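Dear colleague,

I am handing over the structure below, and after it I have set out what was found. Please read the notes alongside the coordinates.

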Amino acid sequence: MEMRGTTICAVRRGGTIAIAGDGQITMGESVILKGTARKVKRIFDGKVILGFAGSVSDAMTLSEKFEKMLQKYSGNLMRSAVELAQLWRNDKVARKLEAMMIVADRENLLLVSGSGEVIDPDGDVCAIGSGGNYALAAARALVRETDLPAAEIARKALTIASELCVFTNDSITVEEI
């Protein structure tokens, strides 16, 4: 039985980027294994924020590989993301990893997908994971209709997703840069 999680939402507003993630890890379709996992973290001496969704072990593997890419390319987020995506797509072992990541530094917000894409999202909002579409819709509405800061929008979007998606909970971690 595979362990899965999560919902991750990122918002860029007013010179700040915030990434929020819930804490639920689910085994199969019906068992909550953990409710307080941290799937958003700071890496590269706190200069980069990473949030991951998908198979837990695969996501951890990819985040470690991404951190090595950041070291190799002196913190260049775009270059590191592109190199990871190429590795992910071309390596026989890595291409079987089932996960997605959102990564950000002060200037960039990127979604790195399991099929090897690196995407700079439209509208300064993106979300991934089981409740990603719910969080994305909520964040877009909050960006359009409020003056809330990025971190508060990301948190509220995750809270709304947790009310709709059974694989998302309201134990939310937010990191901003």
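This is a predicted model: local features need pLDDT of at least 70, side-chain atom pairs count only at pLDDT 80 or more; totals for chains, interfaces and linings use all residues.

Cys 126 takes part in no disulfide, and the nearest cysteine sulfur, which belongs to Cys 9, lies 7.3 Å away, whereas a disulfide would require the two sulfur atoms to be within 2.5 Å. Cys 165 is likewise in no disulfide, with the sulfur of Cys 9 again the nearest cysteine sulfur, here at 13 Å. Cys 165 also counts as buried, because its relative accessibility is 7%. For the structure as a whole, the number of disulfides is zero.

**Strand S3 and its partners**

Strand S3, which covers residues 16–21, is largely enclosed by the rest of the structure, because five of its six residues are buried. On one hand, S3 pairs with strand S2 (residues 7–13) in the antiparallel sense over six bridges, and Arg 12 stands opposite Ile 17 of S3. The hairpin formed by S2 and S3 has two residues between the strands, and in this hairpin Gly 14 adopts a positive phi near 55°. On the other hand, S3 runs antiparallel to strand S12 (residues 173–176), to which four bridges join it, and Ile 19 has Glu 175 in S12 as its bridge partner.

**A nonpolar patch**

Tyr 134, Ile 160 and Leu 164 together make a nonpolar surface patch of about 270 Å². Leu 164 belongs to helix H4 (residues 150–164), and Leu 164 counts as exposed because its relative accessibility is 52%.

With best regards

Conventions
Residues are numbered from 1 along each chain as its sequence is written. Side-chain values use heavy atoms; hydrogens and water are left out. Buried means under 20% relative accessible area, exposed over 50%, partly exposed in between (1.4 Å probe, protein chains only). Two strands pair if DSSP finds at least two bridges between them. Patches are made of residues with over 30% relative accessible area and no salt bridge: like charges are joined within 9 Å, nonpolar side chains (Val, Leu, Ile, Met, Phe, Trp, Tyr) within 5 Å. Accessible areas come from the Shrake-Rupley method with a 1.4 Å probe; for residues, only the protein chains shown count as cover. A salt bridge is a side-chain nitrogen of Lys or Arg within 4 Å of a carboxyl oxygen of Asp or Glu.
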